[in-house]
Amino acid sequence: MIKTIDLKKHFVIGRKQTLHAVDGISLEIAENEILGLVGESGSGKSTFGKTLIGLHERTAGAAFYRGEPLPARFTARDHLKYSTDLQMIFQDPYASLNPRMTVLDIIGEGLALKGAPRSDIQQRVGYWLERVGLHPDHMSRYPHEFSGGQRQRIGIARAMIIEPTFVVCDEPISALDVSVQAQVVNLLQDLKQSLGLTLLFIAHDLSMVRYISDRMAVMYLGTLVESGPSNAVFFEPKHPYTQLLIASNPEADPALERTKPTQYIAGEITSPINLGPGCRFADRCPSVMSHCHNETPTPTIIATDHQVACHLYQ
Ligand code: SF4
């Protein structure tokens, strides 16, 4: 359903400075699949999702939706055309809802822009409020009258009322309490099953991503370092970064967590400004070799649908 080839998003931040937020991502997402995208803060996950659906202008590369090339820069007409198919659920349920609009106007805005009559909008908003676990009476209220979990449900209803086929979920659970996270993830999975949705699920909670995703992709400093079936990437990670990321993921069982050897990723993520050749992870990698600093690793297929960009496998 979705394909990107060498997709790049750079931000020019000074006369001679360019921030390489996304630097050549090639991936595919099949129909009715959930692809989990993980990585540390600053790895470019959210920028990739926003660029894919036209919220950022693409710097280079190509993106396709069902074989049709998506424009690098979405015009207002493109946004209207593709909003029926491509939607987004935002990370912050407090910032992503306009505090001056009622829930009816927030959720129904997409339908109103398409010229739907007010009575239809009210009926659809009532249906979607129930579908996401809220009450139709809530449509006359304002966002400040809801908890974080309820606000995120409003954000989900706003994306779903258009009946999209592909949804970018940008860290939809990271601002929520742990008890509410599972409810929202189960709701997304239920909607995926019943509506045949395809999702790009961006998060940094690896256990949650493994639980919800069919396939997992790992980003580091704007590049894709590993991708494959979720269980293969989670239980048999191959890239040194994925291995450290998963080793530093806390165990749910406290007894198991106490016996686990302490492992962490040394140092800070390198600045994404004016990057040169070589492996982006070289400064922090425990397996670094001399040529890693000046030769950029390319993705290598190591098993069915499992690929790694690392000189250890080339
Ligand atoms: Fe480590 Fe080299 Fe592989 Fe990069 S290419 S992850 S530095 S071994």
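Where is the place of Glu 171? The legends below start there, and all views show a predicted model.

**View 1. Glu 171 sits in the loop between β7 (166-170) and α6.**
The residue is buried, with a relative accessible area of 6%. That value lies under the 20% cut-off, so Glu 171 counts as buried. Leaving aside neighbours within four places in sequence, Glu 171 is in contact with Lys 45, Gln 91, Ile 202, Ala 203 and His 204.

**View 2. Helix α1 (residues 45-52) is largely enclosed by the rest of the structure.**
Seven of its eight residues are buried. Gly 54 follows the helix. The phi of Gly 54 is positive, near 85 degrees.

**View 3. Helices α5 (residues 148-160) and α6 (residues 178-195) pack at an angle of about 15 degrees.**
Their axes are 10 Å apart. The angle makes α5 roughly parallel to α6. The crossing of α5 past α6 is right-handed. From α5, the contact draws on Gly 149, Gln 152, Arg 153, Ile 156 and Met 160. From α6 come Val 180, Gln 183, Val 184, Leu 187, Leu 188 and Leu 191. By class, the contact holds seven nonpolar, three polar and one charged residues.

**View 4. The largest nonpolar core has 58 residues.**
Ile 156, Leu 188 and Phe 201 have the most contacts inside it. Helix α6 supplies the largest share of this core, six residues. Leu 188 is in contact with Ile 89, Ile 156, Cys 169, Pro 172, Leu 199, Phe 201 and Ile 212, neighbours within four places in sequence left aside. Ile 156 and Leu 188 also belong to the contact between α5 and α6. A second, separate core has 26 residues. Ile 25, Tyr 65, Met 88 and Phe 166 are among them. In soluble globular proteins, nonpolar side chains tend to be buried together.

**View 5. Helix α3 (residues 103-113) packs on α5 at an angle of about 30 degrees.**
The two axes are 7 Å apart. At this angle α3 is roughly parallel to α5. On the α3 side, the contact involves Val 103, Ile 106 and Ile 107. On the α5 side, Ile 154, Ala 157 and Arg 158 meet them. Five of the contact residues are nonpolar, none is polar and one is charged.

**View 6. Helices α3 and α4 cross at roughly 120 degrees.**
Their axes come within 9 Å. The two helices are therefore oblique to each other. The crossing is right-handed. Helix α3 contributes Val 103, Leu 104, Asp 105, Ile 107, Gly 108, Leu 111 and Ala 112. Helix α4 contributes Arg 118, Ile 121, Gln 122, Arg 124, Val 125 and Leu 129. By class, the contact of α3 with α4 has eight nonpolar, two polar and three charged residues. Val 103 and Ile 107 of α3 also meet α5.

**View 7. Asp 137 lies in the loop between α4 (118-131) and α5.**
This residue is exposed, with a relative accessible area of 55%. Asp 137 and Val 103 are 34 residues apart in sequence. In space they are 9.9 Å apart, C-alpha to C-alpha.

**View 8. Helix α9 (residues 240-247) is mostly covered.**
Seven of its eight residues are buried. They are Pro 240, Tyr 241, Thr 242, Leu 244, Leu 245, Ile 246 and Ala 247. The elements covering them include β3 (34-38), α7 (206-212), β9, β10 and α8 (230-235).

Most residues other than glycine have a negative phi. At 37% relative accessibility, Asp 6 counts as partly exposed. Leu 221 sits in the loop between β9 (215-220) and β10 (223-229). Leu 221 is buried, with a relative accessible area of 1%.

Note on methods: Residues are numbered from 1 along each chain as its sequence is written. This is a predicted model: local features need pLDDT of at least 70, side-chain atom pairs count only at pLDDT 80 or more; totals for chains, interfaces and linings use all residues. Side-chain values use heavy atoms; hydrogens and water are left out. Axes are lines fitted to C-alpha atoms, for helices over the stretch in contact, and angles run from 0 to 180 degrees between N-to-C directions. Helices (H or I, at least four residues) and strands (E, at least two) are DSSP runs, numbered from the N terminus. Angles under 35 degrees count as roughly parallel, over 145 as roughly antiparallel, 65 to 115 as roughly perpendicular and the rest as oblique. A crossing is left-handed if the near helix is turned anticlockwise from the far one by less than a right angle, and right-handed if clockwise. Contact means heavy atoms within 4.5 Å. Ala, Val, Leu, Ile, Met, Phe, Trp, Tyr, Cys and Pro count as nonpolar, Asp, Glu, Lys and Arg as charged, and the others, Gly among them, as polar. Buried means under 20% relative accessible area, exposed over 50%, partly exposed in between (1.4 Å probe, protein chains only). A nonpolar core is a set of buried Ala, Val, Leu, Ile, Met, Phe, Trp, Tyr and Cys residues joined through side-chain atoms within 4.5 Å.
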